[in-house]
Amino acid sequence: MIPTHPITADEQPLPTNNPMTHQDTRPDKPEEACGVFGIYAPEEDVAKLTYFGLYALQHRGQESAGIATFEGEQVHLHKDMGLVSQVFNEGILSNLPGQMAVGHTRYSTTGSSRKVNAQPAVVDTRLGTLALAHNGNLVNTIQLRQELLENNCNLVTTTDSEMIAFAIAQEIDAGQNWLEGCIKAFSRLSGAFSLVIGTPAGLMGVRDPNGIRPLVIGTLGSDPVRYVLASETCGLDIIGAEYLRDVEPGELVWITQEGLASYHWSQQQQRKLCIFEMIYFARPDSVMHNESLYTYRMRLGRQLATESIVDADIVIGVPDSGIPAAIGFSQASSISYAEGLIKNRYVGRTFIQPTQTMRESGIRMKLNPLKDVLNGKRVIIVDDSIVRGTTSRKLVKTLREAGAREVHMRISSPPVTHPCFYGIDTDSQDQLIAATKSVAEITKQLEVDSLAYLSWEGMLLATGEDPQSFCSACFTGDYPVTVPEQVKASKLILEKAVMS
Ligand code: SF4
């Protein structure tokens, strides 16, 4: 097994004052791990279709992007730090020919932010090269890393995704075929993983036995039918693919010239989709459980209003993710909905640091208040979640400065009290405001007139699904896959292992 892409000078960690490192640009929200995309379509420009698929999945990770295409046995790869539109151009895409492609857009939850950790992870095996894109986080990385090193694996990155690629390669090199080798490797993994894997023999889509991260199948054309895999349905819509179905928890789909075959690789399957995907991460136009998440989020707002109505003049939402719940709240409470905050949609794309004065002016680079709308009003502001509380406090100050007479905050999810270990960056527990403070204390800290969260029961009731079919561990601490103590210690635990 030879890693195809050793570390080069330009793949060293970015300096910490670089605006591309997430420490500097990090919003006060849980951050998504990754978006994955795959396509098998010999007649099409697969690189370009993958580019647009990743473009639609950009919200799931903005640190790096990559595409690997398969031209027969040969793999062409391009990956780099930055947004999808910064990493690729027409010239680069035209140098990625092939019948099949795997794409990835990344936010680091395991491994630091540097180019070598960008995906797809590409590894050579006895049967040819594989390219792997991963969304999620393993919780048995220490044990897996140890096993791989004992078998002389030359790991070059600090990501769990590369370990999965090497675990597969190890099984292939031991004499298994692609399907057997992958299934044996998956049984060595614990945690959350939705994978798209390209091999010279075909394209594979996989979900972990709990189906914590989403993965959907789409079709392109009818004669012949071609298949597409994407983290969310918005990745299908953009290229004109039709949603077929979800990859099931514990399922492996194998896409070749013959079509799509399905295998249930794990005996233990239970549905535990991340509820935060539905509340906040996934795009509102993506469909889960047969409806758009916009509709679900409006229902969260309606439920929130029934639980915590307050007398006020207007309801506003925090753009963009709080808007559907604010509209739902307005509908259920009959309090007028208004736009009170305008978002600067391009702020995340500047690479110039703001001046000190700008920094002190708080969040206005991102959100600007509409004084005409807010002045003299009793305002209910609806947001989807509070993590550290820093942005919420600035937001309340901004509304008051714009003339709001009262500010009542309503949150369309329960208090976040526990960190996530399945691929979402929600900070360590001591950084989560609701883990250390009561609602009364948070109300005081945010300087709001009142604060209410949606109940855990209300959040699940609004799904219209079996409440048992979701992971909601960041609200309860009830983790569906056991998290070892060592893993809880630090996000960059792998770097520490490399350095020791
Ligand atoms: S812990 Fe929270 S963010 Fe993580 S998978 Fe579960 S519901 Fe999602």
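This is a predicted model: local features need pLDDT of at least 70, side-chain atom pairs count only at pLDDT 80 or more; totals for chains, interfaces and linings use all residues.
For the protein chain as a whole the mean pLDDT is 88, and 86% of the residues reach 70 or more.

**The annotated binding site**

- An unreviewed UniProt entry lists Ser-321, Asp-383 and Asp-384 under "binding site". These positions span 64 residues in sequence, yet no two of their C-alpha atoms are more than 7.2 Å apart, so the annotated residues gather at one spot.
- Ser-321 sits in the loop that runs between β17 (314-317) and α11 (323-333), and its contacts, leaving out residues up to four places away in sequence, are with Tyr-280 and with Asp-384, the latter being another of the positions in the UniProt list.
- Is Ser-321 buried or exposed? Ser-321 has 20 other C-beta atoms within 10 Å, and because 20 or more is the criterion for burial, it counts as buried.
- Asp-383 belongs to strand β21, which covers residues 378-383, and it too is classed as buried, because 23 C-beta neighbours lie inside 10 Å.
- Apart from neighbours within four places in sequence, Asp-383 is in contact with Val-318, Gly-322, Ser-392 and Ile-411.

**The annotated active site**

- The annotation "active site", again from an unreviewed UniProt entry, covers Cys-34, a residue that is placed in strand β1 (residues 34-40).
- Cys-34 counts as buried, because its C-beta neighbours inside 10 Å number 26.
- The residues that Cys-34 touches, not counting those up to four places away in sequence, include Arg-60 and Gly-61, the run His-104, Thr-105, Arg-106 and Tyr-107, and also His-134 and Asn-135.

**The shell around the ligand**

- Which residues are around the ligand? The shell consists of Ile-212, then Cys-274, Ile-275 and Phe-276, then Cys-420, Tyr-422 and Ile-424, and finally Cys-471, Ser-472, Ala-473 and Cys-474.
- Two or more residues of this shell are given by each of the elements α9 (275-281) and α18 (473-476).
- By class, the residues of the shell divide into 10 nonpolar, one polar and no charged.

- Leu-273 is located in strand β14 (residues 273-274), and it is buried, because 22 other C-beta atoms lie within 10 Å of its own.
- Between Leu-273 and Gln-468 there are 195 residues of separation in sequence, whereas the distance from C-alpha to C-alpha is 9.7 Å.
- With residues up to four places away in sequence left aside, Leu-273 touches Gly-211, Ile-212 and Pro-214, together with Ser-469, Phe-470 and Cys-471. Among these contacts, Ile-212 and Cys-471 are also found in the list of residues around the ligand.

**Backbone details**

- Most peptide bonds are trans, and most residues other than glycine have a negative phi.
- The peptide bond from Asp-223 to Pro-224 is cis, its omega being near 5°, and Pro-224 lies in the loop that connects β9 (216-220) and β10 (226-230).
- A cis peptide bond also leads from Pro-319 to Asp-320, with omega near -15°. Asp-320 is part of the loop between β17 and α11, the loop that also holds Ser-321 of the annotated binding site.
- Asn-290, a residue other than glycine, has a positive phi, near 65°; its place is in the loop between β15 (287-288) and β16 (291-292), and Asn-290 counts as exposed, with 8 C-beta neighbours inside 10 Å.
- Ser-334, which is not a glycine either, has a positive phi of about 60°.

Terms used:
Residues are numbered from 1 along each chain as its sequence is written. UniProt positions are given in the numbering used here, feature names are shortened, and annotations may be inferred rather than shown by experiment. Helices (H or I, at least four residues) and strands (E, at least two) are DSSP runs, numbered from the N terminus. A residue is buried if 20 or more other C-beta atoms lie within 10 Å of its own, exposed if 12 or fewer, and partly exposed in between; C-beta atoms are placed from the backbone. Two residues are in contact if their C-beta atoms, placed from the backbone, lie within 7 Å. A residue is near a molecule or strand if its C-beta atom, placed from the backbone, lies within 6 Å of it. Ala, Val, Leu, Ile, Met, Phe, Trp, Tyr, Cys and Pro count as nonpolar, Asp, Glu, Lys and Arg as charged, and the others, Gly among them, as polar. pLDDT is the predictor's confidence in each residue, from 0 to 100.
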